[in-house]
Amino acid sequence: MADDAGKSGVSTVQRLAAEYGVATEYRGFEGDTVTVPEQTLRSVLTALGADVTDDDAAARTLRERELAPWRRLLPPVVIAEEEQGARVAVTTAQGDPVRVRVWPEGEPEQVRELHPAPGVEAETREVDGLTRRRTQYELPRELPLGWYRLEAVTDSGEQSAVDVAVTPRRLSTTDRLRGRRRWGYMAQLYSVMSSRSWGVGDLSDLASLAAISGVQGADYVLINPLHAAEPEPPVEPSPYLPSSRRFFNPLYLRVADVAEFPYLRPADREVVDRLAAIQRKAVLDPSTIDRDAAYAAKLKALELLYTVRRSPYRQQQLEAFVAQAGQPLQDFALWCALREELGEDSPLWRDEARSPESPYAQEARTRLRHRINFHVWMQWLLDEQLEAAQRAAHRAGMDIGVVHDLAVGVHKHGADAWALQDAMAPGVSVGAPADMYNQLGQDWSQPPWDPEKLAELGYRPWRQMMRTIFRHAGGVRIDHVAGLFRLWWIPEGNNASDGTYVYYDHEAMVGVLALEAELAGVVVVGEDLGTVEDSVREYLGSKGVLGTSILWFEMDGDVPLDPSRYRELCMASVNTHDLPPTPGYLEGVQLQLREDLGLLARSPEEERQEAREQLDTFFAAVADAGYLPEGKEAEDRRRIEALYRYLCDAPSLLLNVSLVDAVGEKRIQNQPGTSDEYPNWRVPLADAEGRPVMLGSLPQLDRVNSLVDVVNAALGTHRRTADVKAPVQPERRDQADPFRGAS
């Protein structure tokens with residue numbers, strides 16, 4: 001069959017791309033329409049499982065795709081909205097009676113019969129020489145929020161069962177925030193250390209930070225992603241390029257908080273004490289965090305702790321956690337053990353150990369059982385310490401507590417890419433198209449979800465990821481939330497700019513996210529900075545997902561946008577982790593760094609002039625609002641407080657106080673466009689003079705207290721006494737096992 005582009009102007013490959021949700025053109029950063037080359041379309045379609053080896057194959061694939069829904073009894077998954085009901089297409093052979101039933105997941109005794117939607121005529125179509133009949137069945141409007149199983153069985157023996165999600169029309173967790181604005185610290189946890197830390201901030205430090213800031217009047221602490229990295233050093237320093245987004249990083253464990261710690265054998269205790277002494281000295285080094293040294297020391301200590309016999313109660317708790325977490329945890333721990341054995345580059349990953357079901361991996365489940373159990377045990381410890389941190393936040397009076405960060409994706413050689421490959425697309429990676437800052441585009445080296453495979457799996461990998469993060473959280477920030485609508489896919493071998501957008505079923509992606517958040521009582525914030533379509537922001541807002549505003553990015557033409565015009569459903573900040581702290585920004589440290597690294601697009605003089613003009617413009621607006629002190633009082637500390645006072649005019653429900661701004665830190669945490677040229681994600685917390693700031697000193701620092709007082713006064717919030725009781729928390733809608741049904 002010849003390509004039909006000459007007849008319609010649209011080729012078969014382009015038609016097939018449209019069927020798969022692959023963009024054949026997009027709007028470039030200069031406003032022009034960019035047509036995606038056909039070879040790029042073919043590569044992306046191949047990654048999606050389409051046969052496009054030639055035009056005839058593409059035409060056959062297109063025909064098969066059009067017929068596929070008529071060949072299946074039920075759609076792969078059903079996403080409904082509460083109180084709205086839904087229609088489910090049930091397709092059978094003509095004249096073959098069918099019985100359709102639905103029941104709550106895990107509760108088959110509560111089955112309900114479904115019936116055809118009244119007044120809706122059935123459709124018929126000839127498929128494979130037979131007449132198929134499609135009838136619309138009606139899902140009851142009164143089904144409560146939650147997950148269900150839908151089953152259809154015909155008299156001839158054809159049967160199918162799929163997942164059904166009844167999702168919230170809007171997050172009540174967001175609506176309950178209305179009535180008063182709240183503030184919280186924004187911090188990179190690894191950089192926030194106490195005298196008891198082992199060279200890196202940990203979960204006990206998180207609990208302390210929550211307790212301190214709760215008393216100061218904060219209602220949450222927003223932290224960097226705590227996703228799992230490699231199981232042994234060296235580890236990837238970026239928290240946004242994890243091995244797994246479903247499990248947590250043992251680097252953040254506090255060794256001394258493990259219940260078995262007091263029962264170490266004397267010789268083992270001596271070893272652990274020596275390790276602790278060495279790592280605690282690293283806390284006093286304000287230059288660079290050595291993750292590898294800290295993790296190696298913790299692993300050695302944890303291996304000794306693992307040999308301590310647990311009490312019957314503790315063993316019971318561990319076994320209950322393992323049972324709840326199910327197969328995903330076992331597969332993750334198996335990958336960790338195999339990675340320790342094989343390393344990253346072994347050819348076995350491409351053959352014998354290519355998946356959890358491969359022969360080598362199956363044999364290793366027994367041979368490496370001890371090591372697998374060790375990694376499972378560490379995840380249990382993380383669960384305990386995460387729970388303790390959230391409990392500390394509530395006891396300090398925080399309304400929300402810990403807000404976790406969800407990275408965009410995972411490392412292509414990591415645990416999730418290995419265990420969840422049935423839900424991911426091969427041969428492509430996620431990134432960003434060319435823009436004014438990165439004219440070559442960006443390749444993040446992360447495999448994307450395959451939209452159709454994810455649907456076929458009932459969105460269970462996505463659901464399970466949400467449940468583990470929400471288990472001990474008050475909120476979540478979704479990095480690059482527009483990725484729930486579309487992602488930039490780059491075929492292997494292409495430049496980052498030579499890709500295209502692939503669209504996702506955003507109603508399903510956001511619906512599942514909202515359902516799990518509502519059941520867990522979690523607030524959801526979407527990072528929607530940059531080039532994001534208005535329709536995306538409008539849809540997320542209608543669902544109660546908060547957006548993100550950064551002071552420096554909010555412009556109205558050539559002048560700053562008045563904060564009173566910011567969105568209410570929003571988390572507002574002065575800066576982000578990809579910008580320098582405000583004290584450094586005022587001094588232009590980012591320009592000096594970029595000049596030193598050869599990253600400036602223009603001359604240093606031009607860059608500095610533009611930066612000065614930007615700051616002058618913002619401070620003119622701050623002065624017009626009456627917040628900028630004059631004369632000698634207008635030192636950087638007071639100017640920063642004025643910026644925060646200005647930001648507090650925003651109606652945004654959540655307002656971030658950057659911890660680095662509070663203590664006077666000037667160094668940037670992450671310089672985009674670099675890797676080893678700058679110690680990204682390895683900068684410990686220090687003050688304006690470069691001295692390390694210990695967590696316990698925060699309540700006594702004048703600079704911190706002054707900024708806190710400014711924010712509290714502006715928002716009408718107040719400090720709390722140290723013995724406050726936990727506020728009434730939103731009731732979790734799902735009181736059952738949080739891992740249930742997510743295996």
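These legends go with several close-up views of a predicted model.

**View 1. Eight strands side by side in an open sheet.** Going across this sheet, you meet the strands in the order β22-β19-β16-β13-β12-β27-β26-β23, and the pairing is parallel. Which strands stand at the edges? They are β22 (523–526) and β23 (547–550); each has a single partner strand, so one side of each is left without a neighbour in the sheet. On average, neighbouring strands here are turned by 25 degrees against each other, if you ignore direction. Now zoom in on one pair: β13 (residues 220–223) and β16 (residues 401–406) pair in the parallel sense over three bridges. For one of the residues to look for, take V221, whose bridge partner in β16 is V402. As a bit of background, strands of a sheet pair through backbone hydrogen bonds, either parallel or antiparallel.

**View 2. A four-stranded open sheet with antiparallel pairing.** The order to follow here is β18-β17-β20-β21. At the edges you'll find β18 (442–446) and β21 (500–503), each with a single partner strand, so one side of each has no neighbour in the sheet. From one strand to the next, the twist averages 50 degrees. Have a look at β17 (residues 428–432) and β20 (residues 486–491): they run antiparallel and are joined by four bridges. If you pick out S429, its bridge partner in β20 is I490.

**View 3. Two helices, α9 and α11, packed against each other.** Helix α9 covers residues 312–342 and helix α11 covers residues 369–395. Their axes are 7 Å apart and the packing angle is about 125 degrees. The two helices are therefore oblique to each other, and their crossing is right-handed. What sort of residues make up the contact of α9 with α11? By class, there are 14 nonpolar, four polar and six charged residues.

**View 4. The largest cavity and its lining.** Rolling a probe the size of a water molecule over the atoms shows where empty space is left. In this structure, that gives 10 cavities of 30 Å³ or more, and the largest has a volume of about 210 Å³. Its lining is made of 21 residues, and the ones nearest its centre are R245, V408, G409, W449 and L487. Sorted by class, the lining has 15 nonpolar, four polar and two charged residues.

**View 5. The second largest pocket.** This pocket has a volume of about 940 Å³. How many residues line it? There are 36, with P75, P76, V77, A455 and D505 nearest its centre. Several elements give two or more residues to the lining, namely α2 (12–20), α4 (55–71), β3 (77–81), β4 (86–93), α13 (451–456) and α15 (506–520). By class, the lining of this second largest pocket has 20 nonpolar, four polar and 12 charged residues.

View 6. Start with P233 and P234, which are joined by a cis peptide bond with an omega of about 0 degrees. E83 has a positive phi of about 65 degrees, although it's not a glycine.

Notes:
Residues are numbered from 1 along each chain as its sequence is written. This is a predicted model: local features need pLDDT of at least 70, side-chain atom pairs count only at pLDDT 80 or more; totals for chains, interfaces and linings use all residues. Side-chain values use heavy atoms; hydrogens and water are left out. On a 1 Å grid over the protein atoms alone, a cavity is a set of points where a 1.4 Å probe fits but cannot get out, and a pocket is an open set with protein on both sides within 12 Å along at least five of seven lines; lining residues have an atom within 4 Å of a point. Grid points are joined across faces, edges and corners, and a volume is the space filled by probe spheres set on the points. Ala, Val, Leu, Ile, Met, Phe, Trp, Tyr, Cys and Pro count as nonpolar, Asp, Glu, Lys and Arg as charged, and the others, Gly among them, as polar. Axes are lines fitted to C-alpha atoms, for helices over the stretch in contact, and angles run from 0 to 180 degrees between N-to-C directions. Angles under 35 degrees count as roughly parallel, over 145 as roughly antiparallel, 65 to 115 as roughly perpendicular and the rest as oblique. A crossing is left-handed if the near helix is turned anticlockwise from the far one by less than a right angle, and right-handed if clockwise. Two strands pair if DSSP finds at least two bridges between them.
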